[in-house]
Amino acid sequence: MKLLTANFLVCAVKSCKGSPAAFPLHLRDVELELQDVDFQPEFIRNIIPRVDWDGLNQMANELNFTNIPQTKPEGETLRNEQVLRDLHRLLLETQVTEGKLICGNCGHEYTIKEGIPNFLLPSHLV
Amino acid sequence: MSRPEDVLPPDLFYDDNESRKYTTSSRIRNIQVDMTHRALELLDLKSPSLILDIGCGSGLSGEILSQEPSEQGGPHTWIGMDISPSMLDIALQRGVEGDLFLADIGQGVPFRPGTFDAAISISAIQWLCNAESSDVSPEGRLRRFFEGLFASLRRGGRAVCQFYPKNDIQRTMISGAAIKAGFGAGILEDDPGTKNSKLYLVLTVGGGGLQGDITGVVDGMNDVDILDARRKTMERSQTPSTRKGDKAWIMRKKEQMAKKGKVVKANSKYTGRKRRPAF
């Protein structure tokens, strides 16, 4: 699972709907992997406005990444190819293969196996 | 041929064997490829986008999204959801580029509001009409799915869901649930009346560049006839079909009375006819 995808995930449990603590989900015990993905500057320019930068920073802290810019790159910065390549590497090529996603509100654990998170819920939580 | 939806729930029906057959059958592959291209045409994406693939299975449709050439707005990045572990396993073995999720679409769509540019679904959402246990209902599953989908699409986003309804009841149930969730909805039917007929539920979220209503989606496409069911229902509500005392009303009343076992005069050509002025 790409870090970009993790930035869009919220807890699926009914009682967490609309709760601010349900985003972002916290990564625990993760194994990361670098996978080659074709570089598409246009896609990154399209998706960056939708990325939640605070959530990304928090996630990067949990993963001990330190070289994340504090503020979201905007406007002219997104013309700079090196900035785009760094973002591409972080958001699309860095992938979570094993681990857990934990909701900050209800504490539900979603396990990630072979890069596939399990979002099936028992029916009383739906 | 029996419908897989009537046999078993999707996570059990698509076991290792069935998933392998589904993915390797060249007939199914070709149909899936055609339908995905048609859906992409309806989505009308201009630049590389983030797409949700609902019921992605082994990634047959996702592959097309990743391979879309740049002159047609691609390649797109996609995130797939499916309930069958065996299907996802095959997707892993095939090394698809999208992210995969093991999830039940009837339990909602676990993404932040405004995440996706578009959503695509090939032969999946009819499964929502089946409830496998007594604590869930098809209506509830459809409602959660469409509400979640509506929220996760950005303003002006579109979704195209190709589906196989069992009958007209399922068809109206699905499109009704989509409209209730707030979508602008229309159904495109390819090859109507034949065995190969394919239904596409086209959904739009307001606030985008689409001018006018849902019929704007098919502007400029060849061989598409527009049947507007809304206009028909509007006309029907304006002119009540029978007025008290006219012939149709009399016939209906006579039928009602006959059903109750009352003695009713036989119908003739004079029934309900106006008398001449009495003076």
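**Exercise 1. Work out how the strands of the sheet in chain A are arranged.**

Solution. Start with the order: in this predicted model, chain A has an open sheet of 4 strands, ordered 1-2-3-4 with antiparallel pairing. Strands here are DSSP runs of E with at least two residues, helices are runs of H or I with at least four, and both are numbered from the N terminus. Two strands pair if DSSP finds at least two bridges between them.

Next, look at the edges. Strand 1 (26–34) and strand 4 of chain A each have a single partner strand, so one side of each has no neighbour in the sheet.

Now zoom in on one pair. Strand 2 (residues 94–102) and strand 3 (residues 109–113) of chain A run antiparallel to each other, joined over 4 bridges. For A:K100, the bridge partner in strand 3 of chain A is A:T111.

A word on the ground rules: residues count from 1 along each chain as its sequence is written, and chains are lettered from A and ligands numbered from 1 in the order written. Because the model is predicted, local features need pLDDT of at least 70 and side-chain atom pairs count only at pLDDT 80 or more, while totals for chains, interfaces and linings use all residues.

**Exercise 2. Describe the build of chain A as a whole.**

Solution. Count the elements: there are 4 helices and 4 strands in chain A. Read from the N terminus, they go α-β-α-α-α-β-β-β.

Then check the overall build. Chain A has a radius of gyration (taken over C-alpha atoms) of 15 Å, close to the 14 Å from the globule rule for 126 residues, so it is as compact as a globular protein of that length. That rule is 2.2 Å times the number of residues to the power 0.38. Along the principal axes, the C-alpha atoms of chain A fill a box of roughly 50 × 30 × 25 Å.

**Exercise 3. Find out what chain A brings to its contact with chain B.**

Solution. First the totals: 24 residues from chain A and 24 residues from chain B take part. Residues are in contact if their C-beta atoms, placed from the backbone, lie within 7 Å.

Which elements of chain A give two or more residues to this side? They are helix 2 (41–47) and strand 4 (116–117). Helix 2 of chain A supplies the largest share, 4 residues.

Last, sort by class: the chain A side has 15 nonpolar, 5 polar and 4 charged residues. Nonpolar covers Ala, Val, Leu, Ile, Met, Phe, Trp, Tyr, Cys and Pro; charged covers Asp, Glu, Lys and Arg; the others, Gly among them, are polar.

Technical notes: Two residues are in contact if their C-beta atoms, placed from the backbone, lie within 7 Å.
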